[in-house]
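Please read it with the structure open beside you.

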Amino acid sequence: MKTFARSASTGEGMPVVAGFFDPRTFSVQYIVSDPATDKCVIIDPVLDFDEKSGATATHHADELLAYVSQHGLSVEWILDTHPHADHFSAAQYLKEKTGAPTAIGQHITKVQALWKEIYHWPEMPADGRQWDKLLAAGDTFNIGELSARVLHSPGHTLASISYVIGDAAFVHDTLFQPDFGTARADFPGGDARTLWHSIQQILALPDSTRLFTGHDYMPDGREPKWESSVAEQRDNNPHLVGKSAADYIALRQQRDSELPMPKLMLHALQVNTQGGRLPEPEANGKRYLKIPLNALKGAKWD
């Protein structure tokens, strides 16, 4: 199975994009680098977690660090697009290893407030202090000589943002590959109409913009893919071609009603709303996850 691919820079001011696929969670992590200065950012890193044994590991994050070292890169930022429901974020681990600051969208505070209630964590800070910077729509920053800007692209979650870096856009759980469709919008705080408008904002980027998605579920058993273009999505995505907003909302709501909740959702959100920090050790030195019973709808018994 292909788990790594490198998308070369397309010209001056355009990034090199290295994608790392995690088959356990179908997630894609990215290292986005400036070929002129060897500065880079890491987007959506995965901390390994085995739900059967409760074990954690840093295999995937260490693979990112090895790539950084091999190519002589300097990490400027560790970025999350949203608080993920299907894997733990390795942002805190990578910050400890590289010294690079962490960032996420400013509406993470709304997600924290929501999950603070679900987990019954009255002591949990819900002001985003777990990250070094909270990013707003329209914010810009540099990665060496590369220019990056932030799009607010909610719908999958309240806090979802996309990063547009040169001719590349990192669109997380909005669009999947053109042969698979779009992301679900039924998580707490999700909304299909909002997701439709976020997707339209992404499709308004130039046709040749390279789009990098957060997951790939390998329909019909094909090899994993995570790069497409605006033109390819607009012309081929079955959830979008010929669809009005009303059509899309109806399709999304019907499809979401048939999907089970992600198996790691209740595990992951208590880590990812804390910036990738695992729960603090208790008196015996062990860490414990807290799983609320009957907190979410959508159980699939068959």
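1. I begin with T109, which touches A126, D127, G128 and L134 when residues up to four places away in sequence are not counted, a contact being heavy atoms within 4.5 Å. T109 has its place in helix α3, where helices (H or I, at least four residues) and strands (E, at least two) are DSSP runs numbered from the N terminus. At 25% relative accessibility T109 counts as partly exposed; buried means under 20% relative accessible area, exposed over 50%, and partly exposed in between, with a 1.4 Å probe and protein chains only. The C-alpha atoms of T109 and G155 are separated by 16 Å, and the two residues are 46 residues apart along the chain.

2. Some notes on the basis of these values belong here. This is a predicted model, in which local features need pLDDT of at least 70 and side-chain atom pairs count only at pLDDT 80 or more, while totals for chains, interfaces and linings use all residues. Residues are numbered from 1 along each chain as its sequence is written, and side-chain values use heavy atoms, with hydrogens and water left out.

3. As for the overall fold, the chain holds 7 helices and 16 strands. Its radius of gyration is 18 Å, close to the 19 Å that the globule rule gives for 302 residues, so the chain is as compact as a globular protein of that length; the radius is taken over C-alpha atoms, and the rule is 2.2 Å times the number of residues to the power 0.38. The C-alpha trace spans about 55 × 45 × 35 Å along its principal axes. Among contacts with a separation of 6 or more, 66% are accounted for by residues 24 or more positions apart.

4. On burial and surface, 52% of the 302 residues count as buried. The chain exposes about 13300 Å², and carbon and sulfur atoms supply 50% of that area; the areas come from the Shrake-Rupley method with a 1.4 Å probe, and for residues only the protein chains shown count as cover. The mean positions of the 28 positive and 38 negative charges are 4 Å apart, where Lys and Arg count as positive and Asp and Glu as negative, with His and the chain ends not counted. Each charge is placed at NZ of Lys, CZ of Arg, CG of Asp or CD of Glu.

5. Which helix is largely enclosed by the rest of the structure? In helix α7 (residues 265–272), 8 of the 8 residues are buried, so this helix is largely enclosed. The buried residues are M265, L266, H267, A268, L269, Q270, V271 and N272, and what covers them includes β5 (46–50), β8 (88–89) and α3 (108–118).

6. The UniProt record, in an unreviewed entry, lists residues 26–215 as "domain: Metallo-beta-lactamase"; its positions are given in the numbering used here, feature names are shortened, and annotations may be inferred rather than shown by experiment. In the model, the end C-alpha atoms of residues 26–215 lie 5 Å apart, and the span is 23% helix and 32% strand.

7. Two backbone angles deserve a look. F26 has a phi near 60°, a positive value in a residue other than glycine; F26 is found in the loop between β2 (16–22) and β3 (27–33) and is partly exposed, with a relative accessible area of 29%. D220 likewise has a phi near 60°, but D220 lies in the loop between β15 (210–213) and β16 (227–229) and counts as exposed at 87% relative accessibility.

8. K39 and G144 can be read together. K39 is in strand β4 (residues 39–43) and is in contact with V32, S33, D34, S74, E76, I143 and G144, leaving aside neighbours within four places in sequence.

9. Finally, R255 is found in helix α6 (residues 245–257) and is partly exposed, with a relative accessible area of 31%. Leaving aside neighbours within four places in sequence, R255 is in contact with F180 and H239, while the C-alpha atoms of R255 and D44 are separated by 26 Å.
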